[in-house]
Amino acid sequence: METKGDARMSFTISSADPPRVTFYVRGDMFGANDQQNAVVDRLRELDAADLIEGYDVCVWNSRVRLTDGETPPAVAQYHEFESWAAAEGVDIDPFFTVRERDSFVDGVARELILPVMCLAVHGDDGLEAVAPNTRGAETNTVQDCLDALETPNAPARPVTVPAED
């Protein structure tokens with residue numbers, strides 16, 4: 001692992017009041033239960049310390065079909081997250097993937113593949129952060145976002161990223 005000394009977290013929580021957090025999890029990832037439970041435990045601690053105004057846990061499917069008809073809630077969230085990412089100069093696409101697949105029943109279908117875990121931080125002015133995301137070679141994880149919520153006035157810290165081969 002290589003530590004990028006110039007890499008900085010991309011989370012700036014600017015609300016005057018503690019933000020509200022939504023934790024999205026995939027219900028089909030049995031191997032990730034311990035990680036998901038650890039995030040919920042951290043959210044409970046942040047809430048008890050009044051560092052957040054509360055949190056919600058929402059379970060979403062691993063994939064959602066993209067159609068021209070009704071927009072499923074997970075797709076609406078993705079569009080909100082995409083708009084935030086564009087405004088912040090970060091990328092969420094490595095974690096949210098749009099794919100085409102062939103189906104014997106209905107031909108080619110477009111699907112949105114959702115991440116195993118995702119945090120959305122809502123403050124006074126709306127969406128303030130989404131994790132995970134990337135900015136160049138820097139990856140900002142759910143853990144990084146929790147750390148930023150825990151120490152809202154702390155300076156940005158280096159992020160460890162894998163060395164490229």
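At what angle do α1 and α3 pack, and how far apart are their axes? The points below take this up first; the model is a predicted one.

1. Helix pair. The angle between α1 and α3 is about 10°, and their axes lie 11 Å apart. With angles under 35 degrees counting as roughly parallel, α1 is therefore roughly parallel to α3. On the α1 side the contact is made by Val39, Arg42, Leu43 and Leu46. These meet Val142, Gln143, Leu146, Asp147, Leu149 and Glu150 of α3. By class, the residues of this contact are six nonpolar, one polar and three charged.

2. Nonpolar core. The largest nonpolar core holds 35 residues. Phe23, Leu43, Trp60, Phe81, Phe96 and Leu119 have the most contacts inside it. Two or more residues come from each of β2 (20-26), α1 (33-48), α2 (73-88), β7 (117-123), β8 (126-131) and α3 (142-150). The element that gives the most is α2, with six residues.

3. Leu43. This residue belongs both to the α1 contact with α3 and to the group with the most contacts inside the core. Leaving aside residues up to four places away in sequence, Leu43 touches Val21, Phe23, Ile52, Tyr55, Leu119 and Leu146. Of these partners, Phe23 and Leu119 are also listed among the core residues with the most contacts, while Leu146 is on the α3 side of the helix contact.

4. Three-stranded sheet. An open sheet is formed by three strands in the order β4-β6-β5, with antiparallel pairing. The edges are β4 (63-66) and β5 (97-103); each has a single partner strand, so one side of each has no neighbour in the sheet. From one strand to the next the twist averages 40°. Between β4 and β6 (residues 107-113) there are four bridges, in the antiparallel sense. Arg65 has Glu111 in β6 as its bridge partner.

5. Backbone points to check. Most residues other than glycine have a negative phi, and most peptide bonds are trans. Two places depart from this. Asp50, which is not a glycine, has a positive phi near 60°. Asp50 sits in the loop between α1 and β3 (55-60), and its relative accessible area of 58% makes it exposed. Pro132 lies in the loop between β8 and β9 (133-135).

Definitions and conventions. Residues numbered from 1 in each chain as written. Predicted model: local features only at pLDDT ≥ 70, side-chain atom pairs only at ≥ 80, totals over all residues. Heavy atoms only, no water. Core = buried A, V, L, I, M, F, W, Y, C linked by side-chain atoms within 4.5 Å. Buried < 20%, exposed > 50% of the residue type's maximum accessible area, 1.4 Å probe, protein only. Contact = heavy atoms within 4.5 Å. Pairing = 2+ DSSP bridges. Axes fitted to C-alpha atoms, helices over the stretch in contact; angles between N-to-C directions. Parallel < 35°, antiparallel > 145°, perpendicular 65-115°, else oblique. Nonpolar A, V, L, I, M, F, W, Y, C, P; charged D, E, K, R; others polar.
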